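Please look through the structure shown below. The paragraphs after it go through selected features one at a time.

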Amino acid sequence: MVPGGATRGPRRRGRIVGVPELPEVEALAAFVTERAGGREVVRCELAAISALKTVVPPLEELVGATVERCERRGKFLCTRFGTGDWLVVHLARGGWLKWWDRLPEARARLTRSPIALRVGLDDGSGFDLTEMGTEKRLAIYVVTDPTEVAGVATLGVDPLDPAFDAGCLARLAAEEAGTVKTMLSAQSVIAGVGNAYSDEALHLARLSPFKRAASLSPAEVERLHDALVTVLAEAVERAVGSAAKDLKPEKHRTMRVHGRTGERCPACGDVVREVSFATRSLQYCATCQTDGKPLADRRLSRLLK
């Protein structure tokens, strides 16, 4: 056992890089637009009643509608139809989109299957929205405007928007009462960034995840802004154009520290450490980010003395 709760070797308690964040959702949106754009929906089968969060317009109204485009808003996947309706999906922790060039003929039914929704198109292709695990937080909305979904309406600034400059980040940090890690992953502050890419940005910026956001110096704000935009832009460039099935493996392959507990930091060679919480964990390098001091692996999140 090494300080900070990490071990040497292949154990990866924090390996949750499959959670879709901005780059993966951006790539999924481009993928769906390319494959489904201009196609008519001929099947729309709900297999998880709890996943559907709206009643009007009815889900069945999408049958016969033509897919216009799919776009990303934060971590939400938003598909617009020719009727003016939108299918808005939040994939949550265990959700994903599985594309079929030839959709199975069997109807999706209310079973223990991971399928939440099956959508078929007029050329025989289609996709399943699936959710693995027991949390069941995948959410599906049919609305006339994505901002009817509370999570979309309250999204903060998009970090790939040109308006998100170092000055914008400085203002956000000054108003944040919590840590820089909390600020980066709060969707109402910065939209689309989650556990994985906040770990990556903080590592590249050489900042402790538990540093108070309001205490960032101008130089640290500049470093963090540059790191966040770089990490996300590079990830989007890698992801867009890839098939849906390849996005999760590609995400894991390119992570520097997230999900790599016990492995060597690619920047300095120190061991990547982990801090665990009830339902998630973060990864960091003590040498690069905390002046060599490992963080306590407990919720208090204090530096070991």
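Which residue lies over the face of Trp 86? In this predicted model, that residue is Arg 73, at 5.4 Å from the centre of the ring.

Four strands form an open sheet in the order 1-6-7-5, and their pairing is antiparallel. Strand 1 (41-46) and strand 5 (95-100) are at the edges; each has a single partner strand, so one side of each has no neighbour in the sheet. On average, neighbouring strands of the sheet are turned by 15° against each other, direction ignored. Strand 1 and strand 6 (residues 115-121) run antiparallel and are joined by five bridges. Val 41 has Leu 121 in strand 6 as its bridge partner. Helix 1 (residues 22-36) packs on this sheet, where it touches strand 5 and strand 6. The direction of helix 1 makes about 25° with that of strand 5.

The aromatic rings come next. Three aromatic pairs are found in a search of the whole structure. In one of them, the ring centres of Phe 31 and Trp 99 are 5.7 Å apart and the planes stand at 90°; the pair is therefore edge-to-face, since an angle over 60 degrees counts as such. Phe 31 belongs to helix 1 and Trp 99 to strand 5, so this pair links distant parts of the chain, 68 residues apart.

Because Trp 99 is in strand 5 and Phe 127 is in strand 7 (residues 126-131), the pair ties together parts that are 28 residues apart in sequence. Phe 127 has a relative accessibility of 8% and so counts as buried.

Taken together, Phe 31, Trp 99 and Phe 127 are linked into a cluster by ring pairs.

Technical notes
Residues numbered from 1 in each chain as written. Predicted model: local features only at pLDDT ≥ 70, side-chain atom pairs only at ≥ 80, totals over all residues. Heavy atoms only, no water. Pairing = 2+ DSSP bridges. Helix = DSSP H or I, 4+ residues; strand = E, 2+ residues; numbered from the N terminus. Axes fitted to C-alpha atoms, helices over the stretch in contact; angles between N-to-C directions. Contact = heavy atoms within 4.5 Å. Phe/Tyr/Trp six-rings, centres within 6.5 Å; stacked < 30°, edge-to-face > 60°. Buried < 20%, exposed > 50% of the residue type's maximum accessible area, 1.4 Å probe, protein only. Lys NZ or Arg CZ within 6 Å of the ring centre and 35° of its normal.
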